[in-house]
Amino acid sequence: MVQYDYDVLYLGSGHGAFDGAGPLAATGKRVGVIESDMIGGTCPNYGCNAKITLDAPVVLQRTAERMQGIVDGAVTINWGNLVAHKQDVIKPLPDAIGHALTGAGVTMINGRGRLTDAHTIEVAGQTYTADKIVIATGQRPHRLAIPGDELAHDSRAFMDLTTLPKRIGILGSGYISMEFATIANAAGAEVTVFMRGDQALREFHQPFVRQVMADMERRGITFIPNAQVAGLEKITDGIAVHYGQSQSKTVDWVLDATGRVPNIEEIGLEAAGVVATPHGITVNDHLQTTAPNIYASGDVLDKPQPKLTPTATFESYYLFQLLSGQTTAPIDYPAIPSTVYTTPRIAKVGVTPEQAAKGDYQVVRNHIPDDWYRQIDQETLGDNVLIYDADHHLVGATEFSAQAEDAINTLLPAVVFQYTPAQMWRLAHIFPSISASAWHKAR
Ligand SMILES: Cc1cc2nc3c(=O)[nH]c(=O)nc-3n(C[C@H](O)[C@H](O)[C@H](O)COP(=O)(O)OP(=O)(O)OC[C@H]3O[C@@H](n4cnc5c(N)ncnc54)[C@H](O)[C@@H]3O)c2cc1C
Ligand SMILES: NC(=O)c1ccc[n+]([C@@H]2O[C@H](COP(=O)([O-])OP(=O)(O)OC[C@H]3O[C@@H](n4cnc5c(N)ncnc54)[C@H](O)[C@@H]3O)[C@@H](O)[C@H]2O)c1
């Protein structure tokens, strides 16, 4: 029998890897994790944790704004201190994740890995062999191929800006665009969003998206629909963003937020017999690639599930169960919740209002400011839609409001486990709280 250096080797150390690699090593398997950049991957270092730290004063600013007269004075954001604070918050995370992994028995391998066959990964001239391999190399920012594209920056560069540019142009109107436009505007920048079509956040409930956009416009953010950005040009007083027929707008800094693409190049997929499409690595319902001993997890997959941390964590944990022999079943995805961290937020889980309109569902709508709990800090904007099946199981919820992410999170168990009305009433929530408020409406 062939002896391999490892039972399982992970390529990449993001949520798609580390949430399963630690538990797997703790079962006694010989596990290695190869990482070429920061341990923990995008989410802690360049994504969720970093972004939400930059967003915290926006929430404070908006709450103070709504409560003017009760509290006095506007909250202004000190950008330089905020970015330094963000750095302080996220700096310990790679070490913490690394220590948790090595503590569980994982061997960390630093460097860029490339498969040379289905059982071997080469890192800086050294080879490591494994019985099974998990590819979890994630995604990187897509860059618009236009003249002057070298003048544009990505989300990582935005979060490291020590000085906030006065005029910021953002290409695209998805998650990153809407969240970073919110943060930059609240911190005092003049923001212009160049949209490809006439809809932002296409996978979210458009009546809610339009209300959030209207609020952003009231705050001074400019949306240019159907912009068709043709090029960027350095001019005396900034960067000209050329768009439309022959229009142009001058800004100081450009964020290209036109999506993310999978890291599938130069990792030896062909040598290992792993098939991928431009959307990512092809897997079956066991997250197994076309090479039977190689699996893939997280953002790098070609899959319909949203490319988010909860998805990557779920896949990584599923692979732990599969590779430790705890299950042989195919992956059975739960409803994955998602939130756009604009303020107000837009969050959703399960059946959407658009899907509900085509099926046999009961749809209940609530106006958030009618709820006494949301009147405490004087919320004026917000609606939610709750969707039930014929047996009154809650199967979907979508909300825009200042605390939509928590309202949706708290309803998650009802949607995932299909609680009966009796089970929903078994849950006696701490009162007053966002959970009590959300469940009061949902029962
Ligand atoms: C700005 C931003 C904000 C986000 N905010 C949220 C949010 O609020 N909520 C949410 O749920 N999701 C958010 N996401 C998405 C979330 O970060 C990803 O879904 C998640 O990180 C995916 O994890 P992953 O392990 O698949 O990939 P990653 O975290 O990207 O990890 C892949 C790792 O593989 C490494 N790697 C790649 N190639 C090699 C190689 N050849 N050798 C060695 N290592 C390699 C990379 O360096 C990287 O560390 C955000 C993303 C961005 C960019
Ligand atoms: N809160 C969160 O959970 C969160 C936050 C940020 C990022 N993310 C993840 O990161 C991913 C990447 O975020 P994103 O905002 O870059 O991508 P996105 O897919 O959300 O949005 C991309 C935007 O770019 C536009 N676009 C695409 N190609 C274009 C082109 N050729 N020309 C002009 N516009 C174009 C799209 O129309 C869209 O508006 C998200 O899809 C999500 O998976 C999640």
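## Strands and the model

A strand here is a DSSP run of type E, at least two residues in length, numbered from the N terminus. The model is predicted.

## A loop with a cis proline

The peptide bond from Thr-343 to Pro-344 is cis, and its omega is near 0°.

Another cis bond links Phe-431 to Pro-432, with omega about -10°. Pro-432 sits in the loop between helix H14 (421-426) and helix H15 (434-442). Most peptide bonds are trans.

## The parallel sheet

Five strands make an open sheet, in the order S8-S15-S9-S10-S11. The pairing is parallel. Strand S8 (152-153) and strand S11 (222-224) are at the edges; each has a single partner strand, so one side of each lacks a neighbour in the sheet.

Helix H7 (residues 175-186) packs on this sheet. Helix H7 touches S9, S10 and strand S15 (253-256), and its direction makes about 165° with that of S10. S9 (residues 167-171) pairs with S10 (residues 190-194) over 5 bridges, in the parallel sense. Leu-171 stands opposite Phe-194 in S10.

Most residues other than glycine have a negative phi. Gln-228 has a positive phi, near 45°. Gln-228 lies in the loop between S11 and strand S12 (229-235). Gln-228 counts as partly exposed because 14 C-beta neighbours lie inside 10 Å.

His-392 also has a positive phi, near 60°. His-392 is in the loop between strand S23 (383-388) and strand S24 (394-401). With 13 other C-beta atoms within 10 Å, His-392 is partly exposed.

Methods. Residues are numbered from 1 along each chain as its sequence is written. Chains are lettered from A and ligands numbered from 1 in the order in which they are written. This is a predicted model: local features need pLDDT of at least 70, side-chain atom pairs count only at pLDDT 80 or more; totals for chains, interfaces and linings use all residues. Two strands pair if DSSP finds at least two bridges between them. Helices (H or I, at least four residues) and strands (E, at least two) are DSSP runs, numbered from the N terminus. Two residues are in contact if their C-beta atoms, placed from the backbone, lie within 7 Å. Axes are lines fitted to C-alpha atoms, for helices over the stretch in contact, and angles run from 0 to 180 degrees between N-to-C directions. A residue is buried if 20 or more other C-beta atoms lie within 10 Å of its own, exposed if 12 or fewer, and partly exposed in between; C-beta atoms are placed from the backbone.
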